[in-house]
Amino acid sequence: MSADVSHSIDLTNQFLIAMPGMVDDNFAGTVVYLCEHSNNGALGLVINRPTDINLKHLFERVDLSLDRDDLAARPVFYGGPVQTERGFVLHEGLGDDGEHYSSTLKISGGLEMTTSRDVLEALSSGAGPKRVFVTLGYAGWGAGQLEDEISRNGWLSVNADPELIFATPVAQRYDKALSLLGVDRSFLMGEAGHA
């Protein structure tokens, strides 16, 4: 496949839903929110794998307090196998009149992903974005790699719904993502058919 054909789609602001045949343990049974997808590759965050660390403990690890009771007990998520020591904060867009952080990716569709400490400092003081999703690590694909995995029946994709990220119980996220496609898990096959 030539480079211009292999990237005829842009999956930014979509969910990737791992098919049952996914053999990579990092992604089996996952839903990934794609923050960026271009000819250079893709970057996303797994949204349904909580770790045993909550936000209060994460903030303590970076010498900050967390004065928001609505966030303290929320889990930090495993965002993917790349840079697992680094934090990624997915949050609602702050708009032109909102706070701005030193390292924020604005995602088409309205969400933003911030990797700089200043977003944690804002949250620590009780300010910052109202709805946040925090991961350690991210999922990354090189040029053409994600397209290849999709062509081999590794992933389904669907337009993202922020409510699934911020308000849906973790145990329901995989099935809710599938329902956005009108698909039930019991109808999925692990392998593509070949004639």
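Which residues do ring pairs link into a cluster? I went through the rings in this predicted model and got Phe27, Trp141 and Trp155.

**Entry: the two tryptophans**
I looked at Trp141 and Trp155 next. Their ring centres sit 6.1 Å apart with the planes at 80°, so I noted the pair as edge-to-face; the cut-off for that is over 60 degrees. Trp141 belongs to strand S9 and Trp155 to strand S10 (residues 155-159), so to speak two distant parts of the chain, 14 residues apart, linked by the pair. I checked burial too: Trp141 and Trp155 are both buried.

I counted aromatic pairs over the whole structure and got 6. One of them is Phe77 with Phe133, a tilted pair with 4.5 Å centre to centre and 35° between the planes. Phe77 is in strand S5 (residues 75-78) and Phe133 is in strand S9 (residues 132-142), so this pair ties together parts 56 residues apart in sequence. Buried or exposed, these two? I found Phe77 buried, and Phe133 as well.

**Entry: what S5 pairs with**
I then followed the strand that carries Phe77. S5 pairs with strand S4 (residues 50-54) in the antiparallel sense, over 2 bridges. On that side I see Pro50 opposite Phe77. S5 is also joined to S9 by 2 bridges, and here the strands run parallel. For that pairing I wrote down Tyr78, which stands opposite Leu136 in S9.

**Entry: back to S9**

Note on methods:
Residues numbered from 1 in each chain as written. Predicted model: local features only at pLDDT ≥ 70, side-chain atom pairs only at ≥ 80, totals over all residues. Heavy atoms only, no water. Phe/Tyr/Trp six-rings, centres within 6.5 Å; stacked < 30°, edge-to-face > 60°. Helix = DSSP H or I, 4+ residues; strand = E, 2+ residues; numbered from the N terminus. Buried < 20%, exposed > 50% of the residue type's maximum accessible area, 1.4 Å probe, protein only. Pairing = 2+ DSSP bridges.
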